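I set down what I looked up, entry by entry.

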Amino acid sequence: MSDEPPRIREGFPGQRSVVLPRPVVAAWLDSDPLWSLTPSDVGHYPRAQWHFVERPEGVPQAVMIYCTDGEGWAQVGETSVRVRPGQILLAPPDVGHVYGANGAAPWTIYWVHLAGPKAASLPRMFDIEAGPPIMSPGPDPAIPPLFERIMAILGHGYTPDNLLSASMTLGQLVTHLVVTRHRQTHQEDDLDARIGRVVETMRNNLARSLCVAELCATANLSASHFSAVFKQRTGFASLDFFNRLKMQRACFLLDTTDLPVKAIAAELGFDDPLYFSRSFRRVHECSPAQYRAICKG
């Protein structure tokens with residue numbers, strides 16, 4: 001008699017899952033959908049005793065598993081990991097993997113297979129390319145409802161409307177995880193908070209000029225470190241970003257008041273209306289007067 005523990009792929013008490021026909025998934029992705037990731041399979045396995053899945057060649061989709069209770073284990077490629085509550089396991093497309101529940105404390109999991117051309121980019125999006133295939137968003141109350149919504153939508157059939165809605169909900173889930181990962185990556189050095197203070201200082205001083213030295217002091221960073229961090233976080237150099245905030249405010253004033261361009265320039269700290277107009281054109285590719293004349297609904 002074998003001492004090997006049972007190996008169960010599915011059939012757990014209380015489990016729920018939806019699996020779409022592969023031709024339906026392929027046709028949907030061929031239709032150039034708004035969001036190029038779609039859930040091909042999704043489910044919830046509560047206390048999945050003896051759960052075991054082995055795919056030596058992987059599958060064409062990315063496989064994402066969110067553990068909410070108990071524990072599991074996995075090997076993705078050559079990397080072995082334990083999966084604890086609040087963690088997400090990601091197996092990229094076409095990468096061999098095997099995973100299962102802890103025998104003494106079997107996991108409860110939500111899972112989804114992500115199909116589409118962007119599936120292979122998920123490790124890069126989640127910033128786990130160079131490390132273990134694990135994210136740790138924690139016991140996040142926002143995550144299970146997104147899985148539940150995908151299951152509910154697809155449980156009503158795979159009409160084009162339902163496929164679009166399920167894909168966009170999957171997009172919400174991926175976006176939430178990317179943002180969560182980014183916040184976790186930077187929370188130790190508190191740089192996000194420092195840059196946030198600088199941006200708030202800019203917003204509160206649109207009527208004046210600010211110099212880089214003043215912004216560095218607000219962030220309590222050296223000039224070189226501040227410049228690098230600010231551009232990394234916002235995508236713009238600090239004074240360019242400040243100018244764009246001014247131009248955003250200018251748009252509001254052009255849309256909602258009858259103030260002449262010269263008065264708007266003065267309100268935003270520009271002594272020279274011509275320089276203001278040139279700055280506005282660099283951002284919006286039209287003059288303030290042309291912008292005001294555009295019908296914006």
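Entry 1: terms. I note that a residue counts as buried when its relative accessible area is under 20%, and as partly exposed between that value and 50%. The model I consulted is a predicted one.

Entry 2: cysteines. I recalled that a disulfide is a covalent bond between the sulfur atoms of two cysteines. I searched the whole structure for disulfides and found zero. I then looked up accessibility. Cys216 has 7% relative accessibility and is therefore buried, whereas Cys211, at 41%, is partly exposed.

Entry 3: the largest nonpolar core. I recalled that nonpolar side chains tend to be buried together in soluble globular proteins. Here the largest nonpolar core holds 34 residues, and Met64, Leu114, Phe126 and Phe147 touch the most other members. Helices H1 (22–30), H3 (143–154) and H4 (160–186) each give two or more residues to this core, as do strands S4 (62–69), S7 (88–91) and S9 (108–115). Helix H3 supplies the largest share, seven residues.

Entry 4: Leu114. What does Leu114 contact beyond its neighbours within four places in sequence? I listed Leu37, Thr38, Gln61, Ala62, Met64, Ala119, Leu122, Leu170 and Val174.

Entry 5: a second core. I also found a separate core of 30 residues, with Leu245, Leu253, Phe280 and Cys286 among them.

Note on methods
Residues numbered from 1 in each chain as written. Predicted model: local features only at pLDDT ≥ 70, side-chain atom pairs only at ≥ 80, totals over all residues. Heavy atoms only, no water. Disulfide = S-S within 2.5 Å. Buried < 20%, exposed > 50% of the residue type's maximum accessible area, 1.4 Å probe, protein only. Core = buried A, V, L, I, M, F, W, Y, C linked by side-chain atoms within 4.5 Å. Helix = DSSP H or I, 4+ residues; strand = E, 2+ residues; numbered from the N terminus. Contact = heavy atoms within 4.5 Å.
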